[in-house]
Amino acid sequence: MGVRVGVVGNQTKRAGGLLRGLDLPADFIATSDDWGVQKLDTAFFDKVIDVVDYPPEEIVYVGDRIDNDIKPAKEVGMRTAFIRRGPWGWIHRDSHDVSDLSDWIIQDLNELPGIVDKLR
């Protein structure tokens, strides 16, 4: 589709190494420990922008937490997709912030290609 896919999160360098060793279909994998800055600090999201090398408004950041993912990604200008899965997706599912701060609410990562295609 001509897009870059990244996997980033608050994890240790060891976790990052394990993830990179899985040969996932991603252009880059990085952790907060790799970068020396953790989410919810907007510097983490600025680092994503630097690595992707696209303007923030062309980046879709997917997360299951409003506080750690959606809100700070939005603060740096990214588009956001709240994913309703896992414990945090369940906890935050009824929060007004989900609809206020998310450009999309998704149930599954398989919804992303359709979102990206519509953005073009």
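Buried means under 20% relative accessible area, exposed over 50%, and partly exposed in between, with a 1.4 Å probe and protein chains only as cover. The structure is a predicted model, in which local features need pLDDT of at least 70, side-chain atom pairs count only at pLDDT 80 or more, and totals for chains, interfaces and linings use all residues. Residues are numbered from 1 along each chain as its sequence is written, and side-chain values use heavy atoms, with hydrogens and water left out. Accessible areas come from the Shrake-Rupley method with a 1.4 Å probe, and for residues only the protein chains shown count as cover.

- Aspartate 50 is exposed because its relative accessible area is 56%.
- Aspartate 50 sits in helix α3, residues 42-52; helices are DSSP runs of H or I with at least four residues, strands are E runs of at least two, and both are numbered from the N terminus.
- Asp41, Asp46, Asp50 and Asp53 form a negative surface patch.
- A patch takes residues with over 30% relative accessible area and no salt bridge, joining like charges within 9 Å and nonpolar side chains (Val, Leu, Ile, Met, Phe, Trp, Tyr) within 5 Å.
- Asp and Glu count as negative and Lys and Arg as positive, while His and the chain ends are not counted.
- The place of a charge is NZ of Lys, CZ of Arg, CG of Asp or CD of Glu.

**Serine 32**

- Serine 32 belongs to helix α2, residues 32-35, and is buried, with a relative accessible area of 3%.
- Leaving aside residues up to four places away in sequence, serine 32 touches Gly9, Asn10, Gln11, Val37, Gln38 and Phe44; contact means heavy atoms within 4.5 Å.

**Salt bridges**

- The structure holds 7 salt bridges, each a side-chain nitrogen of Lys or Arg within 4 Å of a carboxyl oxygen of Asp or Glu.
- In one of them, lysine 39 pairs with aspartate 69, with the closest N and O atoms 2.6 Å apart.
- Lysine 39 lies in the loop between α2 and α3 and aspartate 69 in helix α4 (residues 66-75), so this pair ties together parts 30 residues apart in sequence.
- Lysine 39 is buried at 15% relative accessible area, and aspartate 69 is buried at 2%.
- Aspartate 67 and arginine 65 meet in a salt bridge of 2.7 Å, N to O; aspartate 67 is partly exposed at 32%, whereas arginine 65 is buried at 19%.
- Lysine 71 forms a salt bridge with glutamate 75, the closest N and O atoms being 3.5 Å apart.
- Lysine 71 and glutamate 75 are 4 residues apart in helix α4, so about one helical turn separates them.
- Salt bridges with shared partners join Lys74, Arg79 and Asp103 into one network.
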